[in-house]
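Here are a few remarks to read alongside the structure. Please go through them with the sequence at hand.

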Amino acid sequence: MPAISFSGETSRGSFWQQILDRAKTQTCRTPRKRAIKQGDKLILYWKQRVPATFKPIHRIGIATCVKVERKKYKEFAYDNVFARRDGFEDSNELREWFGDAEDFGNEEYDVISFTLL
């Protein structure tokens, strides 16, 4: 089972809480050597390498990968619906996190959509 670690917080709250509330249903990651595929079970962690005694939660839970799409940053940098699925208030906040779309627009990400079990 592939592991995915989260550590971010946006104006909508910490990613771990958004995942548990089922508000964050996807994540954008640089492509892995061993790609995550649709149907894979995923173990979701909060700050995986930080000792459990220093954080409010360690393992967020198990999820199923619903879909993986390879996208260039410029394809989603201004999409508010996409931004909300990824835990941001809007695409402005997403661009603050990922950087200027003019500078980084051609960078590729795997957009991993998941459902928490």
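1. In which loop does Arg 22 have its place? In this predicted model, Arg 22 lies in the loop between α1 (15-20) and β4 (26-29), and the residue has a positive phi of about 65 degrees although it is not a glycine. For background, most residues other than glycine have a negative phi. With a relative accessible area of 47%, Arg 22 is partly exposed.

2. Lys 47 is another residue that is not a glycine and yet has a positive phi, here of about 45 degrees. Lys 47 is found in the loop between β5 (41-46) and β6 (59-72), and with a relative accessible area of 34% this lysine is partly exposed.

3. The structure holds 0 disulfides, and the cysteine distances show why. A disulfide is a covalent bond between the sulfur atoms of two cysteines. The sulfur of Cys 28 has its closest cysteine sulfur in Cys 65, 13 Å away, which is too far for a bond, given that a disulfide requires the two sulfur atoms to be within 2.5 Å. Cys 28 counts as buried at 9% relative accessibility, and Cys 65 is buried as well, with a relative accessible area of 2%.

4. The count of cavities of 30 Å³ or more comes to 1, and the largest cavity has a volume of about 40 Å³. Its lining is made up of Arg 29, Thr 30, Arg 32, Ile 36, Val 68, Asp 110 and Ile 112, which divide into 3 nonpolar, 1 polar and 3 charged residues.

Methods. Residues numbered from 1 in each chain as written. Predicted model: local features only at pLDDT ≥ 70, side-chain atom pairs only at ≥ 80, totals over all residues. Heavy atoms only, no water. Buried < 20%, exposed > 50% of the residue type's maximum accessible area, 1.4 Å probe, protein only. 1 Å grid on protein atoms, 1.4 Å probe; cavity = no way out; pocket = protein on both sides within 12 Å on 5 of 7 lines; lining within 4 Å. Points joined across faces, edges and corners; volume = space filled by probe spheres on them. Nonpolar A, V, L, I, M, F, W, Y, C, P; charged D, E, K, R; others polar. Helix = DSSP H or I, 4+ residues; strand = E, 2+ residues; numbered from the N terminus.
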